[in-house]
Amino acid sequence: MRVLVLGSGVIGVTTAWYLSQAGHEVTVVDRQAGPALETSFANAAQISPGYSAPWAAPSIPVKAMKWLLMRHAPLIVRPRLDMAMVRWTIAMLRNCTHDRYALNKSRMVRLAEYSRDQIDLLRRETGITYDGRQQGTLQLFRTEKQLADVHKDVDVLKAAGVPCEVLDHAGCIAAEPGLAASDVDFVGGLRLPHDETGDCFLFTNALAKLAAERGVVFHTATEIQSITMTDGRATGAMTSKGAMTADLVILALGSYSPMMAKPLGLDLPVYPVKGYSITAKIVNEDRAPVSTVMDESYKVAITRLGDRIRVGGMAELSGYNNTLPALRRETLAHSVGSLFPGGGDLAGASYWSGLRPMTPDGTPVIGATKVPGLYLNTGHGTLGWTMACGSARVLADMVDGKAPEIETRDLSLNRYGAWAGAFAPGYS
């Protein structure tokens, strides 16, 4: 079949790869000059199945009130006259229960674990490189309460068969020796030995090159104006380079997917949640991270990328904007500077922001829609890099009419059956 993939971020490019591998004729369209130039460009660099969890957690409503008063807050809300933000926020808050958190986390871990297996297979089959490391993730706790609460996540991880270990202060330093230089009195951590790291931008571009060598056609610097319909079926897209036709259309435009879907009568539960990162050159190997340390207090990930340190995190509800406030940079620098002092050149670090496409329950929406010929692969939030290969592989199986290797019925848009007319998602 001729398949048109809208979007060339990590989700769009992996989707194109797996569809091409399945024998389809694939074309990718994106407004940017090349792959991975928006949300996939400078993300937190984690491939973290074990850390996959929804932001909608039972503790979030109370924490959010406290965070509003913090200088270095992990959550920032800029109120707007925006009904999409209001609806999304209310739906997210309705997911902040113990039962829904456990359900949503189990879905996310299932997909993320499968995705980690797929990228491992891809690496072995193609030899693709992207400053990757397979040395685990350490979730670091600065307070006793954070450490005490970790059992909730450990229970879900063990139920899913995900290896993990709770560490004390000394154990954290053994896993990440650079922490020995820190003056932070952290109390312990949760280590996830099977998690990975890597530069999403390098990966996406390397995979796009491999896909192009196998016949995938990329139309970059091409504005997507609308999805075209013929006799009630999606049959391509109108672009700045003219009409492009296909047998199937895959919508993988991240935070911009709702705009493209709305004219077709699809109301997607996806909203942009802004994140920030800095990237610094390593100046002292002994004080740099080995892999990824997740600073739980600030929701900031500190990741080793070759000779660089990537520091990414925070969640800001402020609509579609990519401004770079100085205070957000200060928060990232504060986190990495307190845990790995002198490890990186923070003064010379580059500064970036991106819009993560988040659903209220944290789980992406993948699969067919009520519009014949139109499939979705969007809504991955902070875990697009983690879930990309798995999401693309199951979507390719769906397109081929094959049963995916993992359960996917609860990943579809159907779980949000009441979204168009109500504030809360429906669960089935």
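Visitor: What makes the six strands S9-S2-S1-S13-S20-S19 an open sheet?
Guide: Strands are DSSP runs of E with at least two residues, and helices are runs of H or I with at least four, both numbered from the N terminus. Two strands pair if DSSP finds at least two bridges between them. In this order, with mixed pairing, strand S9 (217-219) and strand S19 (365-368) each have a single partner strand, so one side of each is left without a neighbour in the sheet. Neighbouring strands are turned by 20 degrees against each other on average, direction ignored.

Visitor: Is this an experimental or a predicted model, and how are residues counted?
Guide: The model is predicted: local features need pLDDT of at least 70 and side-chain atom pairs pLDDT 80 or more, while totals for chains, interfaces and linings use all residues. Residues are numbered from 1 along each chain as its sequence is written, and side-chain values use heavy atoms, without hydrogens and water.

Visitor: How do you know that S1 and S2 pair?
Guide: Pairing requires at least two bridges, and five join strand S1 (residues 2-6) to strand S2 (residues 25-29), so the two strands count as paired. They run parallel, and Leu4 has Thr27 as its bridge partner in S2.

Visitor: Which strands does helix H1 lie across?
Guide: Helix H1 (residues 10-21) lies across S1, S2, S9, strand S13 (248-251) and strand S20 (374-378). Its direction is at about 165 degrees to S1, where angles run from 0 to 180 degrees between N-to-C directions of axes fitted to C-alpha atoms, for helices over the stretch in contact.

Visitor: What links domain 1 and domain 2?
Guide: Contact means heavy atoms within 4.5 Å, and 14 residues of domain 1 are in contact with 12 residues of domain 2.

Visitor: Why is the pair Asp267 and Arg87 called a salt bridge?
Guide: The term needs a side-chain nitrogen of Lys or Arg within 4 Å of a carboxyl oxygen of Asp or Glu. The closest N and O atoms of Asp267 and Arg87 are 3.2 Å apart, so the pair meets the rule. Across the interface of domain 1 and domain 2, the rule finds one salt bridge.

Visitor: What makes S10-S11-S12 an antiparallel sheet?
Guide: The pairing of these three strands is antiparallel. Six bridges join S10 to strand S11 (residues 233-239), and in S11 the bridge partner of Ser226 is Met238.
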